[in-house]
Amino acid sequence: MSSLRNAIPRPAHKERSQPSSRKKFGLLEKHKDYVVRAKAFHQKEDTLRRLREKAANRNEDEFYFKMVRTKNVGGVHKPESEANKYTQEELMLMKTQDIGYVLQKVQSERKKIEKLTATLHSIDNRPSNNHVYYAEDREEAKELQSQHPRNEIPLTSDDIPAIIKRKTDRSYRELEARKNRLSQLEKIYMDMSMKKELQKKGRKRKLREDEIVCPTAKPVYKWRAERKR
């Protein structure tokens, strides 16, 4: 009987749509929308219930350092500022380590550029295997020409295989990218070195534009001469 019951077509029960007179209120909530909204509502209820239980069962003598290292601003706990967390000596040490790392990268890039440049230079300036013979007269020149015929023709740029051309172009692009990276690293190194020197002791002042011998866009500082013991 169950198979016969399933064989009979049944009308599909569809949820009604929003009546035309209530379209101004937006879409009518369907059952699937209610399920999502009810699930979110019950999750919030469970969260609030757990928080109430924690607040009711908390230990009044409990202490941790965040209680004294944070402050309540508008009902939100914010940690204290850690701007002065390190001393001046510790900051100088960290800056020295950073400068050393940047300098190491600068030297590494320079070595790679030199190696790549030497490789490309040897490819471009390939020595020619032509031997030069000198003759005193035409007869001797004809004799030398008959003994050593010029069968070998040097390769031109059109005779180079395509795979070698692609590799050479890729190497030139890599060389250009490494040069740009080197210039950026050198700029960063100079800026970091200047900041480190400005943090050292000693009286210094920034030179005016009319006092700078070689005009530059970067600021120039002058330290007061001190007698070294």
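1. A word on what you are looking at. This is a predicted model, in which local features need pLDDT of at least 70, side-chain atom pairs count only at pLDDT 80 or more, and totals for chains, interfaces and linings use all residues. Residues are numbered from 1 along each chain as its sequence is written, and side-chain values use heavy atoms, with hydrogens and water left out.

2. Now the overall figures. Of the 229 residues in the protein, 9% are buried (buried means under 20% relative accessible area, exposed over 50%, partly exposed in between, with a 1.4 Å probe and protein chains only). The protein exposes about 22,100 Å², of which carbon and sulfur atoms supply 53%; accessible areas come from the Shrake-Rupley method with a 1.4 Å probe, and for residues only the protein chains shown count as cover. Among contacts (heavy atoms within 4.5 Å) with a separation of 6 or more, 50% join residues 24 or more positions apart.

3. Which residues form the largest nonpolar core? There are eight of them: Val102, Val106, Ile113, Leu116, Leu120, Leu175, Leu182 and Leu185. Helix H4 (88-124) and helix H6 (162-199) each supply at least two residues of this core, and H4 gives the most, with five. A nonpolar core here is a set of buried Ala, Val, Leu, Ile, Met, Phe, Trp, Tyr and Cys residues joined through side-chain atoms within 4.5 Å.

4. Seven salt bridges are present in the structure, each being a side-chain nitrogen of Lys or Arg within 4 Å of a carboxyl oxygen of Asp or Glu. My pick to look at is the pair Glu109 and Arg181, whose side chains meet at 3.0 Å, N to O. Because Glu109 lies in helix H4 and Arg181 in helix H6, this pair ties together parts that are 72 residues apart in sequence. Glu109 is buried, at 5% relative accessible area, whereas Arg181 is partly exposed, at 39%. Salt bridges with shared partners join Glu109, Glu174, Arg178 and Arg181 into one network.

5. Two other salt bridges deserve a glance. Arg49 pairs with Asp46, with 3.9 Å between the closest N and O atoms; the two are three residues apart in helix H2, so about one helical turn separates them. Arg49 is partly exposed at 40% relative accessible area, and Asp46 is partly exposed at 33%. Arg37 and Glu29 also meet through their side chains, at 2.8 Å, N to O, and Glu29 is partly exposed at 40%.

6. Finally, the surface. Phe63, Tyr64, Phe65, Met67 and Val68 make a nonpolar surface patch of about 540 Å² (patches are made of residues with over 30% relative accessible area and no salt bridge; like charges are joined within 9 Å, and nonpolar side chains, namely Val, Leu, Ile, Met, Phe, Trp and Tyr, within 5 Å). Is Phe65 buried or exposed? Phe65 counts as exposed because its relative accessibility is 53%, and its place is in the loop between helix H2 (31-56) and helix H3 (66-69).

Technical notes
Helix = DSSP H or I, 4+ residues; strand = E, 2+ residues; numbered from the N terminus.
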